[in-house]
Amino acid sequence: MPENEQEMSLPLQSRTLPSWTLLGAILLAFGAGVGIAGLFFSQAPDRDINPDCIAHYPLIRPDLDCHSADEDYLRVQQIQESVRMYIEEEKAAGKITRASVFFRDLNSRRFAKINPQEKYISGSLLKLPLAIAYYKLAEIDPAILHQEFQYQPEAESLNAMETWKPAETLIPGKIYTAEEMIVHMIRYSDNETAVQLEHNIDPQFFKKVLADLGIILPETGGNTTDFLSVESYASMLRVLYLSSYLNIDHTQALLGHMSHSTFDVGLKAHIPTETVVAHKFGEREIIDDATGKELSAQLHDCGIIYKTGHPYVLCVMTEGKSHDALPSVIAEISRMVFELE
């Protein structure tokens with residue numbers, strides 16, 4: 001989203017939920033597994049148990065395929081080095097000023113990361129944890145998803161300033177349920193829908209969910225501040241894949257919405273069309289307040305790629321002098337990873 005756009009920030013005026021609902025929801029969120037590290041080790045992708053591996057490696061997780069462990073390690077190392085070299089080449093060519101990548105094989109759990117210490121502006125990436133917050137609250141109060149809103153966009157649309165605008169928009173004045181608005185927000189990255197949804201959830205509950213997911217907003221709310229890393233966002237995607245924060249029905253529904261995202265110039269650009277990609281993108285322009293000129297731009301795309309037999313998480317965050325070259329850089333990194341994985 002552009003620099004001068006009203007992005008989601010906390011706190012905002014909201015319709016405060018009943019105190020018992022908020023208290024119960026917060027307790028449920030806490031009890032469901034607040035620590036991301038705890039969530040990671042609580043569940044794992046289903047894998048056959050190899051008795052030979054257990055016999056030889058009794059102190060290592062029992063679902064480890066010891067016969068392919070070295071092969072998995074070398075493959076992930078190749079991904080990391082190939083992507084790192086590509087990023088350096090694109091920086092030297094002036095197409096990007098920086099980029100960060102996090103990859104995790106969801107079978108072997110091995111990961112690769114390039115420039116993980118870099119932080120970026122979240123842009124529309126925060127729409128995903130907002131949707132998670134609604135689904136989390138629905139586990140306490142299912143009626144929240146059926147709450148009705150009259151869609152009233154701002155006079156000067158918040159979508160107008162986006163580089164990648166929603167392919168479809170809601171009808172002003174029409175009544176929509178919260179779940180219908182969530183679907184639209186995730187599929188089309190609609191800013192107007194996101195703002196209306198955030199105005200109608202308790203800001204402290206949303207902040208608590210963000211913290212549960214390992215995302216701590218800066219005081220500015222993240223609209224102009226670099227604070228989000230590829231690793232923290234990728235961690236949230238793995239939590240969804242493991243269904244270790246939301247219940248299984250809500251997790252499946254949300255991943256389904258993400259798999260219908262209309263943004264197709266990033267992670268999905270060079271992926272075979274039959275491969276499901278559940279993802280969310282975010283963009284941001286940095287504008288000079290004095291001159292109105294664009295100083296830089298950021299584009300990010302993070303998701304789960306369901307490659308047959310090799311599902312994986314890939315999160316790519318980029319920055320350049322403009323948006324022009326950023327989609328192709330993300331698309332090429334995604335292609336490289338898909339072919340090497």
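Q: Helices (H or I, at least four residues) and strands (E, at least two) are DSSP runs, numbered from the N terminus; by that account, in which helix do Arg335 and Glu332 both lie?
A: Both residues lie in helix 11 (residues 326-340), where they are three residues apart, about one turn of the helix. In general, an α-helix has 3.6 residues a turn, so residues three or four places apart point the same way.

Q: What kind of model do these values come from, and how are its residues numbered?
A: This is a predicted model, in which local features need pLDDT of at least 70 and side-chain atom pairs count only at pLDDT 80 or more, whereas totals for chains, interfaces and linings use all residues. Residues are numbered from 1 along each chain as its sequence is written, and side-chain values use heavy atoms, with hydrogens and water left out.

Q: What makes the contact between Arg335 and Glu332 a salt bridge?
A: The term requires a side-chain nitrogen of Lys or Arg within 4 Å of a carboxyl oxygen of Asp or Glu. The closest N and O atoms of Arg335 and Glu332 are 2.5 Å apart, and the pair therefore meets the cut-off. Elsewhere, salt bridges that share partners join Asp72, Arg75, Asp105 and Glu341 into one network, and a search of the whole structure finds 16 salt bridges.

Q: Why is Arg335 called partly exposed?
A: Buried means under 20% relative accessible area, exposed means over 50%, and partly exposed is what falls in between, with a 1.4 Å probe and protein chains only. Arg335 has a relative accessible area of 25%, and so it belongs to the partly exposed class.

Q: Why is Lys136 called buried, and with which residue does its side chain form a salt bridge?
A: Lys136 has a relative accessible area of 1%, which is why it counts as buried. Its side chain meets that of Glu139 in a salt bridge (3.4 Å, N to O), and Glu139, at 24%, is partly exposed.

Q: What makes helix 5 largely enclosed by the rest of the structure?
A: Helix 5 is largely enclosed because 12 of its 12 residues are buried, among them Lys127, Pro129, Tyr134, Tyr135 and Lys136.

Q: How do you know that the span of helix 5 is close to what is expected?
A: The expected span is 1.5 Å times one less than the number of residues. Helix 5 (residues 127-138) has 12 residues and reaches 17 Å from its first C-alpha to its last, close to the expected 16 Å.

Q: What puts the buried residues of helix 10 on the same side of it?
A: The buried residues of helix 10 (residues 248-258) are His250, Thr251, Leu254, Leu255, His257 and Met258. They cover an arc of only 155° around the axis, and therefore lie on the same side of the helix, the arc being that of the directions from the helix axis to the C-beta atoms. On the other side, Ile248, Asp249 and Gln252 are exposed.

Q: What covers the buried residues of helix 10?
A: Their cover, judged by contact (heavy atoms within 4.5 Å), includes helix 5, helix 6 (178-188), helix 9 (230-242), strand 5 (277-287) and strand 6 (294-305).

Q: Why is Phe111 called partly exposed, and which residues does it touch?
A: Phe111, found in strand 2 (residues 111-114), has a relative accessible area of 39% and is therefore partly exposed. Not counting residues up to four places away in sequence, Phe111 touches Val76, Phe102, Phe103 and Arg104.
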